[in-house]
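Student: I'd like to learn how to read a model like this one, feature by feature. Could you take me through it?

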Amino acid sequence: MKVVLIIAHNCIRPGAYRGFETVLDRLRKDMPDARIASTSLVDLDNDLRAILREDVESVTLLPYLLLNGQHSKGDIPAIVAAAQKDFPQIPMTLLPPLGEWDGFADMVVKEVGKVNNPEHSSPRHSERSAERGVEESSRPSHLFAIEMNLEGKNVLVVGGGRIALRKVKTLLPTGARITVVAPMIDPEFKTLDVPQNSLTTVTLEERPYDVLDLRSVSMVFICTDQPAVNAQVSNDARARRILVNNACDYLDGDFIVPARMDFGKNITVTVSTQGRAPSLAKKLKQKIQADWKKDLEQIEKESCEL
C-alpha cells in the first residue's frame, strides 16, 4: 500500500487543525487506495518508522508548512534520510513545503483580494455561510442504530484522560476485555469498579500508542487531544477493518455512542443527535430521566404481571 504522510506543527488548541483535517479528508476521498496519515514534527521519526515496519509500497511526505526554514530544510530531511538508510527497500519522496508550491502565491493574492471586492462583503458571505450551516444540520443521517454484544471481545481505548475514562465506564457492563493505552493515565482508572460476575477486564498500558495494540481488537475508541495520534490510530484501524469511534471528530469514526438510560431491569432508552450536538443529547437525557422514570418502571411492572 502507498502511504501519504503529512507533517504538521504540534498544537493542542481546539479547532487549530480544522483546515488540516479537511485536507486529510479530501485526500482520503480522492485517493481511496492509499493510506493517508498525519504526524507532528516532534513525532515524525517514531511515526515514520512505525509505518515503514508495515507492508508498505512507498511513502510520500508533505511538510504542511509555509516557509522553507529550519524544519523543512534541516530537521525533516535528516529524519527522512536516516529512515531511508534503515529501510532502503521502501522508496520515500519528500515534497517541498506548501509555500513553494506552484500556484500558491496566486491563491493567496486571490483570497486577499476578495476582502476589497463588494461581491464578497460580509453580509452576503454570512448569508451563504448560514445556508451551508442549515444544509449541514438538516443533512440526513446514515447511521444505523444497533446494540452490540461485546462480551469477551477486545476493545482498545487510546487516551488516558477524562473522555477516555467516561468511555471505559460505559464499557464496564459489557463483558469486554478493555485495554487503555496512553503516556499518562488518570489515577481514577485504577479505582474503577469492574463487575466481578462478568468477563470484563481493564488493562492499563502507560505508554504511547503502537500499531501492534490493534492486534485482535474488534473496536477502538480514540480519546486523545493529539490530532496526529488520532489520525494515525484511525488510519491504522481502518486498514485492518476495525470499527472506530473518534471522540474528537464524529465524522471520522464508524459509529457514535448515544446517551443511554436504563429503567428497571429490561428497559433501555438511548438518545442520539447523530454526534452533532452532545450538549443537546445530555439535556434530552436529563429530561427523559426526570419525566419518564416512574411511568416506564410502572409499565414494566404491569407487563411482568400479565
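Tutor: We'll go through confidence, sheets, helices and aromatic pairs in turn.

Student: What should I know before I start?

Tutor: This is a predicted model, so local features need pLDDT of at least 70 and side-chain atom pairs count only at pLDDT 80 or more, while totals for chains, interfaces and linings use all residues. Residues are numbered from 1 along each chain as its sequence is written, and side-chain values use heavy atoms, with hydrogens and water left out.

Student: What is the mean pLDDT of the protein?

Tutor: pLDDT is the predictor's confidence in each residue, from 0 to 100. Here the mean is 83, and 87% of the residues reach 70 or more.

Student: Where does pLDDT stay under 50?

Tutor: Over residues 121–139. The model has nine contacts for that stretch beyond four places in sequence, a contact being heavy atoms within 4.5 Å. Where pLDDT is low, the predicted coordinates should not be read in detail.

Student: On to sheets. In what order do the strands of the five-stranded sheet come?

Tutor: Some ground rules. Helices (H or I, at least four residues) and strands (E, at least two) are DSSP runs, numbered from the N terminus. Two strands pair if DSSP finds at least two bridges between them. In this model, five strands make an open sheet ordered β7-β6-β5-β8-β9, with parallel pairing. β7 (201–206) and β9 are the edge strands, each pairing on one side only. From one strand to the next, the twist averages 15°; for angles, axes are lines fitted to C-alpha atoms (for helices over the stretch in contact), and values run from 0 to 180 degrees between N-to-C directions.

Student: Which helices pack on that sheet?

Tutor: α6 does, touching β5, β6, β7, β8 and β9, and its direction makes about 165° with that of β5. Helix α7 (residues 227–239) packs there too, touching β5, β8 and β9, at about 165° to the direction of β8.

Student: Is strand β5 largely enclosed or open?

Tutor: Buried means under 20% relative accessible area, exposed means over 50%, and partly exposed is in between (1.4 Å probe, protein chains only). Four of the five residues of β5 (residues 154–158) are buried, so the rest of the structure largely encloses this strand. β5 pairs with β6 (residues 177–182) in the parallel sense over five bridges, and V158 stands opposite V181 in β6. Four bridges join β5 to β8, also running parallel, with V157 opposite F221 in β8.

Student: How many aromatic pairs does the structure hold?

Tutor: Two. Rings of Phe, Tyr and Trp (its six-membered ring) pair if their centres lie within 6.5 Å; planes under 30 degrees apart count as stacked, over 60 as edge-to-face and the rest as tilted. F20 and Y64 are edge-to-face, 4.8 Å centre to centre with 65° between the planes. F20 lies in helix α1 (residues 18–30) and Y64 in the loop between β3 (58–63) and α3 (70–86), so the pair ties together parts 44 residues apart in sequence. F20 is buried at 6% relative accessible area, whereas Y64 is partly exposed at 25%.

Student: And why is the pair of F221 and F255 edge-to-face?

Tutor: Because the planes stand at 85°, with the ring centres 5.6 Å apart. F221 is in strand β8 (residues 219–222) and F255 in the loop between β9 (243–246) and β10 (259–263), so this pair ties together parts 34 residues apart in sequence. F221 is buried at 3% relative accessibility, and F255 is buried at 18%.
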